[in-house]
Amino acid sequence: MLRHCYFCGQSLAQQGEFERQRAPGRVAFDLERGRAWTICGRCHGWNLWSLEDRQWALPMLERGASRARLLYQTENVALLDAEGLELVRVGKTELPEEAWWRYGRELRSRRIRYQSRVSKVGVATYAALSCIGSNVGLAGITGDFHLDDDLYANVTRWRRFGNTAWRGRAPCPACGSVLIKLFFYKSKFLILLSAEGSQLAIGIPCARCDPWDFDKVHRLDGPVAERVLRRALAYQNVEGASWAEIHAAVRTIEAAGSAQQLIQQLAAERRSLSGLRGARSLALEISVNENAERRQLAREGAQIETAWRQADELAAIIDGEL
Ligand SMILES: [Zn+2]
Ligand SMILES: [Zn+2]
């Protein structure tokens, strides 16, 4: 087997051991021409396997690909997720595209990080500091901490995200008061609003208007709304998710019809983030991220397609010489 990348010298054996890496290890294969490559996670070089290795591995790769999830496909290559290992299969596949599984993996590794011993120690320190802080009158700088089960989650949130989810200017249409900052700990009051087409809109309830109704919100639209909502949901779902919870969330999306339809449905219900629990909250986070994921996958797909063309030409030469 290949030990090091031909192009940059990076060890290929280590890749795949760390779930935290974005692309832990990518293997590309072409069943028809009998070729397989390891794509280096550092330099993205395509390392062609020896004929011997290909012989025994190709049938296994094809079996793995038949059970994998399709993330994206271009004219000639399909990017698949085979339980954490990314496969690039040359040729079209009949699998339906499931971009949200990629984000599911992000939620899964977030759960692993959340549960890791190292982050627990760090958080215990911050929890102690926060406790001292509240005794000497520093309460408030970290949001609404309470010494309950949520403490760990709250301290993790504070460490990872800081205080502020958004800064800008958003007037209330009713009273004219201008919101210039949204604190994360208040982001649970965010409401999804109906918007044109595939656009996103969110509202932050006006604190001045009394009595309050749904028209009295500081409104954010488009890419800004998407960015704030993604951050707010990552903050809410700081504990990540198990595979079972991710499956439940995906079923919620499928029941709604699509990621986009789920967002529209929740907007029609005028849900605030705090009103979403468990699967629906995760389903929304997955759905909101799907657009961004698709944009990224399209870029990656184009790059993989180009890299494959070059690697294939090179492989034809090498195989001819062998
Ligand atoms: Zn490399
Ligand atoms: Zn107002």
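**Reading a sheet and a helix pair**

Biologist: In what order do the strands of the open sheet run?

Modeller: The order is S3-S2-S1-S6-S5-S4, six strands with mixed pairing. Strands are DSSP runs of E, at least two residues, and helices are runs of H or I, at least four, numbered from the N terminus. Two strands pair if DSSP finds at least two bridges between them.

This is a predicted model: local features need pLDDT of at least 70, side-chain atom pairs count only at pLDDT 80 or more, and totals for chains, interfaces and linings use all residues. Residues are numbered from 1 along each chain as its sequence is written, while chains are lettered from A and ligands numbered from 1 in written order.

Biologist: Which strands stand at the edges?

Modeller: S3 (46-48) and S4 (69-73). Each has a single partner strand, so one side of each is left without a neighbour in the sheet. S3 pairs with S2 (residues 35-39), antiparallel, over three bridges. Trp37 has Leu48 of S3 as its bridge partner.

Biologist: How are two packed helices described?

Modeller: By the angle between their axes and the distance between the axes. Axes are lines fitted to C-alpha atoms, for helices over the stretch in contact; angles run from 0 to 180 degrees between N-to-C directions. Here H2 (residues 100-115) and H6 (residues 243-256) pack at about 145 degrees, axes 10 Å apart.

Biologist: Which residues make the contact?

Modeller: Contact means C-beta atoms, placed from the backbone, within 7 Å. H2 gives Trp100, Gly104, Leu107 and Arg108. H6 gives Trp243, Ile246, Val250 and Ile253.

Notes: Contact = placed C-beta atoms within 7 Å.
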